[in-house]
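Please look at the model below before reading on, and keep it in view while you follow the report. The text moves from strands to helices and then to a pocket.

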Amino acid sequence: MEERILGRTGRKVGAVGLGAWQLGADWGEVSEAEALSILNAAVDAGVTFIDTADVYGDGRSERVIGRLLRQRPEADLMVATKMGRRAPLDPSEHNLDNYRAWTDRSRENLGVERLDLVQLHCPPTPVYSSDAVYDALDTLVEEGRIAAYGVSVETCAEALTAIARPGVATVQIILNAFRCKPLEEVLPAAVRAGVGIIARVPLASGLLSGKYDATTEFAADDHRTYNRDGSAFDVGETFAGVDFATGVEAASRLEPLVPPKAALSQVALRWVLDQLGLSVVIPGARNPVQVWSNASAADLPRLSPGAHDEIRAVYDELIRPQVHDRW
């Protein structure tokens, strides 16, 4: 798989990684055996970057990834985790004592002495501007608890605030064909600063798989059911904030762009990979077949300028009015 440098971490990672939110069973039940089959398929497909968080299954995702690290040491995986969402969403929670406790728990869950990359997990907006926060993160690096740190953000403004900090190695942001705003300022700023960009929700919670229609229903314990109104967390994390029916229509309009023997999901991932400044894209997967399909997106040639124009036209007509100015 094509490799790219992940910002200020200096490490090379495969351009297509794996998002491990679903391994915490927050998208419906996933057994540990199923989770390990997904992870092993990712390694076999050339994935070298896995993104998780301490809150996914309250540590379950981290623990199963820890099993993989012990079973597949030859894979030389880079594991990024996130912290801060197990505590109240209060800026006062972001202090050195809590950071030490949270990273110690993640180190234990993953079975490692030092975490490769720790990201603040969409904290309250004032946290991104706090000198004390970055001082604490620098201390974690000095103490050897973490190798590098970054941020996961909801808004472009938060991303730009973090990029301006010299110690921030990466920014994780929602970026897909239905969330184009980061292309305007965030990715150019990241390129100038040498900050890595991790693109999450690249398939808009599956809308860009092209597999759904207006009648599709999801399980009650799937956030695509219970968070459509943002009652559990930021609504932008579910379908990228797009109304489901509108997203289905927009995805259907993109189907003619899919080449023979490819899938819309692969075209959508290729669109992300084509963006200047993108380091790694982290689609999730519910089974090994999806893992291989996602990883194969890196083998597609760059989309033509005409295809990019068609995708932007659909965005401008159907999606932009709903999401562009919200995040």
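What follows describes a predicted model, taking one part of it at a time.

**The sheet**

Strands of a sheet pair through backbone hydrogen bonds, either parallel or antiparallel. In this model eight strands form an open sheet with parallel pairing, and their order is β3-β4-β5-β6-β7-β8-β9-β10. Because β3 (18–19) and β10 (278–281) stand at the edges and each has a single partner strand, one side of each is left without a neighbour in the sheet. Within the sheet, strand β6 (residues 117–121) pairs with strand β7 (residues 149–152) in the parallel sense over four bridges, and H121 stands opposite S152 in β7.

**Two helices in contact**

The axes of helix α5 and helix α6 come within 10 Å and cross at roughly 10°; angles under 35 degrees count as roughly parallel, and α5 and α6 are therefore roughly parallel to each other. The table sets out the residues through which these helices meet.

| Helix | Range | Residues in the contact |
|---|---|---|
| α5 | residues 156–163 | C156, A159, L160, I163 |
| α6 | residues 186–193 | V186, A189, A190, A193 |

The residues of this contact between α5 and α6 divide into eight nonpolar, no polar and no charged.

**A pocket**

Rolling a probe the size of a water molecule over the atoms shows where empty space is left. The second largest pocket holds about 160 Å³ of space, and the residues that line this pocket include R11, D76, R114 and D116, together with L69 and V112. The lining of the second largest pocket divides into six nonpolar, no polar and four charged residues.

Key:
Residues are numbered from 1 along each chain as its sequence is written. This is a predicted model: local features need pLDDT of at least 70, side-chain atom pairs count only at pLDDT 80 or more; totals for chains, interfaces and linings use all residues. Side-chain values use heavy atoms; hydrogens and water are left out. Axes are lines fitted to C-alpha atoms, for helices over the stretch in contact, and angles run from 0 to 180 degrees between N-to-C directions. Angles under 35 degrees count as roughly parallel, over 145 as roughly antiparallel, 65 to 115 as roughly perpendicular and the rest as oblique. Contact means heavy atoms within 4.5 Å. Ala, Val, Leu, Ile, Met, Phe, Trp, Tyr, Cys and Pro count as nonpolar, Asp, Glu, Lys and Arg as charged, and the others, Gly among them, as polar. On a 1 Å grid over the protein atoms alone, a cavity is a set of points where a 1.4 Å probe fits but cannot get out, and a pocket is an open set with protein on both sides within 12 Å along at least five of seven lines; lining residues have an atom within 4 Å of a point. Grid points are joined across faces, edges and corners, and a volume is the space filled by probe spheres set on the points. Two strands pair if DSSP finds at least two bridges between them.
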